[in-house]
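Here are some friendly notes to read alongside the model. They go point by point, with cut-offs given as the terms come up.

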Amino acid sequence: MTNCSICGERLVDQSPIILSKDLDDYFICTHCAARLKTIRKHASSADPQFEDDINRLVSDIDSYPDIEYPVLAYLSTFIRRARRVYKDAGLARKSGSSKGQYRRKMTNSSDLQSSQRIYKTNPQLIITIIATICVVVFVLIAYWLMSGEDHAKATTSFYANENHPAEVYSESGTTSDDTFNSTMVLHHVAAGSEFYIAIQKDGTVITAGYKFAGSTSSWGTGVVAVDAGEDFAVGLKEDGTVVNTIGASVLDSFSSGEISKWNDCIGIAAGSDFIVSLRKDGRVFLSGYIDRESKSDYASQTDISEWGDIIAVSAGKRHVLGLCPDGRVRAYGSNRNFNFDYLGQCETSDWTDIIAIDAGWFHSVGIKKDGTVVAAGDNRNGACDVYDWADVVRVAAGSDFTVGLRDDGTILATGDYPSEILGWDSIVEIDAYLHNVIGKRIDGSVVVTGDDYLISNWNVF
């Protein structure tokens with residue numbers, strides 16, 4: 001007989017409840033299911049009881065000794081997203097109107113008499129008006145909840161694999177927790193060498209900048225993720241196929257014919273002159289040149305073609321990171337820079353409890369499940385000085401700097417970073433390449449470093 005995956009209670013006289021559609025091998029008792037449902041309800045209604053509920057849950061999780069890693073990762077995501085929903089609901093309540101604020105004021109007796117005649121002579125009209133108002137209010141609330149969930153996507157670079165817990169966003173299933181169930185994190189905005197790319201609300205792609213080759217017009221609609229390399233871009237479509245442009249830096253590096261044959265993909269990443277895709281089955285594919293100079297560092301590494309059960313990928317200048325479901329991180333590529341100085345960006349074998357990754361030019365960054373950050377590689381300018389960071393939900397690694405997004409929408413940074421990013425707020429997504437950084441705000445507006453390229457006028461998905 002199975003036990004509850006959270007509290008450990010034996011499920012003897014009760015029907016087990018699936019924890020999540022993504023975790024259909026884990027079951028919980030009716031008490032834990034009701035507890036998560038109550039937290040979700042209190043979060044959505046901004047009930048002050050929510051804080052006590054969350055504190056007790058965190059305390060109880062610490063006292064349960066046998067919770068497996070996938071369940072811990074799921075609960076970590078649940079708690080973060082519940083807090084975001086609670087915060088948004090509280091802000092909405094504060095900005096709401098007081099009772100009767102929009103009530104029509106009668107200015108004279110004729111107005112009042114006219115109103116009374118309408119109530120008395122045409123009640124069907126009043127019922128229709130009330131019904132219409134109710135429908136409009138329902139649609140607005142539904143839209144607000146959906147957009148709120150979309151903006152609560154905060155966490156990680158490319159989380160994937162439908163068979164494992166992921167850190168953020170698409171809602172699905174009829175499990176114990178529909179509100180906070182998630183399957184994949186995808187970039188909606190990305191930075192290239194001297195250009196930026198983003199997905200618009202209609203599923204098409206927009207670009208700006210001057211160091212960008214090719215066109216994304218042939219991509220059409222249905223693009224769900226983007227990433228950018230030196231002067232090219234790559235997109236993931238909702239049917240699991242991959243599209244790309246070819247710039248001068250990668251003209252002979254990879255074949256669009258090869259990439260066009262990729263299918264069942266759930267994640268993408270662009271290196272400087274190569275593309276990586278993550279398939280639904282956890283396998284990773286690479287097209288292009290990951291290292292044109294030397295492969296002397298690869299002797300002790302498992303070739304990327306032999307990776308399996310990967311749930312997240314990220315690509316740097318000359319290396320690739322793959323996140324495993326148990327919180328470990330695989331690395332493949334060079335540990336050196338252009339001068340063949342050993343930097344160690346692939347030295348991630350001792351990382352544990354990682355829930356998110358990002359690869360810079362010559363360094364690697366990971367978020368642990370407690371919101372702290374680890375890094376390896378080039379620290380000559382302080383890009384890896386992240387060990388005092390906390391409450392981080394996303395990271396972006398540039399050439400010689402690291403950017404962290406905190407759960408309150410503010411920015412952390414270390415290394416030789418663009419100073420203006422520290423003034424950004426209400427950010428829900430970040431990306432970096434070389435010396436450029438792009439951020440998406442909760443309202444869909446976009447901020448970038450350096451030349452604006454009229455990107456401030458963008459309003460993206």
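**Notes on the model**

1. Strands S9 (residues 265–270) and S10 (residues 274–279) run antiparallel to each other, paired over 5 bridges. Strands here are DSSP E runs of at least two residues and helices are H or I runs of at least four, numbered from the N terminus; two strands pair if DSSP finds at least two bridges between them. A hairpin of 3 residues connects S9 to S10, and Cys-265 has Arg-279 in S10 as its bridge partner. S9 is mostly covered, with 6 of its 6 residues buried (buried is under 20% relative accessible area, exposed over 50%, partly exposed in between, with a 1.4 Å probe and protein chains only).

2. A word on the basis: this is a predicted model, where local features need pLDDT of at least 70 and side-chain atom pairs count only at pLDDT 80 or more, while totals for chains, interfaces and linings use all residues. Residues are numbered from 1 along each chain as its sequence is written, and side-chain values use heavy atoms, leaving out hydrogens and water.

3. After H1 comes Ala-46, with a positive phi near 55 degrees.

4. The largest nonpolar core has 28 residues, of which Ile-6, Leu-19, Ile-28 and Leu-36 touch the most other members. Strand S2 (23–28), H1, helix H2 (49–63) and helix H3 (69–95) each give two or more residues to this core, and H3 provides the largest share, 9 residues. Another core, of 16 residues, lies apart from it and has Val-189, Ala-191, Ala-208 and Ile-438 among its members. Such a core is a set of buried Ala, Val, Leu, Ile, Met, Phe, Trp, Tyr and Cys residues joined through side-chain atoms within 4.5 Å.

5. Thr-449 sits in the segment after strand S23 (446–448) and counts as buried because its relative accessibility is 3%. A polar atom of its side chain lies 3.1 Å from the backbone nitrogen of Val-437. Beyond neighbours within four places in sequence, the contacts of Thr-449 (heavy atoms within 4.5 Å) include Tyr-196, Trp-424 and His-435.

6. How many disulfides are there? The count is 0, taking a disulfide as a pair of cysteine sulfur atoms within 2.5 Å. Cys-346 is buried, at 10% relative accessible area, and Cys-384 counts as buried at 5%.

Conventions
A polar contact is a pair of N or O atoms within 3.5 Å; within protein, one must be able to donate a hydrogen and the other to accept it, and residues adjacent in sequence count only if both atoms are side-chain atoms.
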